[in-house]
Amino acid sequence: MTYGPVLVSIGLASVLTLPTLLDGVERKLKAAIQSRIGPPIHQTLLDLTKLFRKELVLPRESMHTLYMAFTYLSLSIVAISSSIASIALGSIELFTASVILLSIIQAIHIAMPFTTYNPFSIVGASRELVLAVINESALLITVGLAILVNPLMSPPSSWRSTYFLLLLELLIVSYIASGRTPYDIAEAEPEIASGWLIEFSGPLLGVIIYTNLLRKAMVKLIVGIVLAGLTTGYGSMGLLLSLIAMTLLWVAYTVASTIVGRSRVDVAPKTMIFIHTTFITLLIVTHVLGV
Amino acid sequence: MSFSDIVERIKGVRGVTEVVTSRSALFITATADALKPLAMEIYQIMGGFFRTCIGSDERSINNCFAIYYIFGLDDRGLNIVVKVYADSKKPELPSISDIVPASDWCEMEARDLFGIEFTGRASYRLILPHGWPNGVHPLRKDYSYDSRPVTRAVSERLTLVDTISTVPIGPYHPALHEPEYFELYIEGERVIDVKYRGFHVHRGIEKLGESKLTYQQVNFIAERICGICGFEHSTCYAQVVESAAGIEVPERAKFIRSIVLEIERIHSHLLWVGVVAHLLGYDAGFMHTWRIREHVMTLAELLTGSRKMYGLNLIGGVRRDIDLSKKEKILEVLDTISKEYIELASLMVSIPQVRMRLKGSGVLYKEDARKLSVVGPVARASGLRRDVRKDLPYAAYRYASFNVPVYDDGDNFSRLMVRLDEIKESISIVKQLLDQMPPGPIKVEEFIVPEGVVAISAVEAPRGEDVHFIITGHGRPFRWRVRAPTYQNIPALKHMLKDQPLADAPLTIASIDPCFSCTDRVLVIDSSGSKRTLKLGWGLG
């Protein structure tokens, strides 16, 4: 375990840099599906660089936004570090902490637009709130069940239906949390312009975009960590598998989101409740029955 | 009801002073008192539709203002034009908006631009900005086209109710591609009311046509009314002058016009389908629709020399012919479009989110559609079988066999389906017309446009019927009025948006395929030339 800090450092460096490139891959892949050329893969990096070079403009009558944005960024880095450390070191406590932190980050993500006085931001944030309450609850329950069925983060002797269901439910939760169609209603619906992002610009927008990418990476990493825990176990192999899973999921989610349309704000929560309730019930039943 | 019955019934209305009949129109002159009974007779009893009304400053001719109301008995292929004079000192007429709700806007337009007041209704400023001085009416003949009145900037706050959340959409907004302003009043995520403020762009096209340009030049500015369906406007304008002047356009030119009109319909509908896919978050559909549309743009360039703004129409015909090599290329491209489009359309309507969001949203019931005399795909999606190509055939449409798709649900999905079906019909029409195209000249070289003739023309544009009205003048129109389809369809949005989720608002607004450059076409301007005396008479429109 002496090489633990090295592993964590490598993993952390990867998760802090990979999302910007994976976002570029996403844009390129979408373009290919849509029969376009698309921007270069490092375009997101270029965008962020440009935003950070611009002057700082804060939303009118709000200094809180700036503090919240940096809290958002700092906590995201802590959360993602914690999740990397959990799989590298095999710490279920760190894993739990990272998932709880993710929920706190999600709360900040929703609260930030309320610091502005823009009706589009507020409508967007309200929509995000509705989705988040359902999805975050499902995430916490599912992760709790994951810890229950595999508390040592080590491969089980034999595979049960519970594990498949667990992974499937985690996939759904992480897909929705990544804010893609059909669940991108908080920021992408045209009537609310850019939704909760509308008041942000320059470096502040850069911070928020980058932090969002980290959040998107983390929701996929959680699936990777649980998968690694069930297959390779923790350590270097587990970390490698988690990172690969995160990358592959990013690509798979991109393809899935390209071929569907956007749901509606009154329909999306109902479908989410139905899906999550069904999967969590099945998970509990199979776990209790031991199948 | 036979044609003679219609004439007799109209003659029987007290106050009707003159009835002139022509092949496709009935021109009525009546006193102001007869206006409401006539509106009741034509609109309510005969079941006519309302096309528009047109104010006119005829003080130089007969010392009066006049207003022309155009009704259409679509099933009979007949236009009915009712002309009423208004006093030059105190122009005032009874409003018919209580009987014909669709006349609301055009009456207010005549009030803004000519100063004709309408009694028995609430008046408001529709066209002119709020900072425009009172008593200045830019389409009056004594108002010079280059006058610039002193205006003051006035903030227009439409919101009247502070207890309800307001979501402004426009005048500049990512979901809107032209300046327009909708104010949505919402409770939770549900729209409970909506207010619209348009007419942000004043280009002075009508005034320019009446003041500075010649008959042929107006053709080219008419095409610039719209960046998407400009050819419909130039065709409609050419037809209205040809009708007034009694010009027999060569058959070959009519075929060429119809072919290009259908190509314009295909690219316009494909553009719209792409926009809707984008609004639904289905960007793959958006990109692929526009990729297919690109073939159509290439086709337009092949036929006319330009992707848009073809400059093809002239009064009396067209400027470019279609030769055999072009015909083969057109057929080849149409086959490609047909194959790719059918595949994409069936994929698109099978996407669950697309179906779910379009079905049952933005409903316009048939009775409201009829009440507001909506046009084009909006009317056909609400169960009204209205299509000028069938009702008042023009150009070469009488030689083509095609269906008019009609759906009854009145929702956004029906409007999508109407347009998807129409693309197939348009492809078929182009193929049929190419096969039957007769040889011969493509334009009339010499013609004379007599003065003082009134005529109307309608063309089925992708968004619905364009209506052009003209009173001929010396070398240029004395009065030229354009009524774009969006002008007729926007008032229906209030019905379509009410009690709908906010999330569907942009989709519903887009579902009428609004074109604000067409709608905001009017205003300011004229020459200070000497007055001429015209003897106005009814034409053959």
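Predicted model: local features only at pLDDT ≥ 70, side-chain atom pairs only at ≥ 80, totals over all residues.
1. Helix 16 of chain B covers residues 485-497, and its 13 residues should span 18 Å at 1.5 Å a residue, which agrees with the 19 Å between its end C-alpha atoms. Here the expected span of a helix is 1.5 Å times one less than its number of residues, while helices (H or I, at least four residues) and strands (E, at least two) are DSSP runs, numbered from the N terminus.

2. Residues are numbered from 1 along each chain as its sequence is written, chains are lettered from A and ligands numbered from 1 in the order in which they are written, and side-chain values use heavy atoms, with hydrogens and water left out.

3. Helix 16 of chain B is mostly covered, since 10 of its 13 residues are buried, a term that means under 20% relative accessible area, with exposed over 50% and partly exposed in between (1.4 Å probe, protein chains only). Among the buried residues are B:Tyr487, B:Ile490, B:Leu493 and B:Leu497. After the helix comes B:Asp499, whose phi is positive, near 65°.

4. Chain B is assigned domain 1 (3-143) and domain 2 (205-519), with bounds that come from an automatic or database domain assignment. Their contact, meaning heavy atoms within 4.5 Å, takes 37 residues from domain 1 of chain B and 26 residues from domain 2 of chain B. The two domains of chain B bury about 2700 Å² between them, 59% of it on carbon and sulfur atoms; buried area is the accessible area (1.4 Å probe) that two parts lose on being put together, summed over both. On the domain 1 side, B:Phe49, B:Arg51 and B:Trp105 lose the most area to domain 2, together 25% of what that side buries.

5. Across this interface of domain 1 and domain 2 of chain B, the rule finds four salt bridges, each being a side-chain nitrogen of Lys or Arg within 4 Å of a carboxyl oxygen of Asp or Glu. B:Asp74 forms a salt bridge with B:Arg386, with the closest N and O atoms 2.7 Å apart, and both B:Asp74 and B:Arg386 are buried.

6. Between the chains, 28 residues of chain B are in contact with 24 residues of chain A, and the area buried is about 2000 Å², of which carbon and sulfur atoms give 62%. The rule finds one salt bridge across this interface, and the side chains of B:Asp504 and A:Arg264 meet in a salt bridge at 2.7 Å, N to O. A:Val265, in the loop between helix 8 (236-258) and helix 9 (268-289) of chain A, is buried, with a relative accessible area of 13%. Not counting residues up to four places away in sequence, A:Val265 touches A:Arg127, A:Ile185, B:Glu189 and B:Ala503.

7. The side chains of B:Asp335 and B:Lys431 meet in a salt bridge at 3.0 Å, N to O. B:Asp335 lies in helix 10 (residues 324-350) and B:Lys431 in helix 15 (residues 412-436) of chain B, so the pair ties together parts that are 96 residues apart in sequence.
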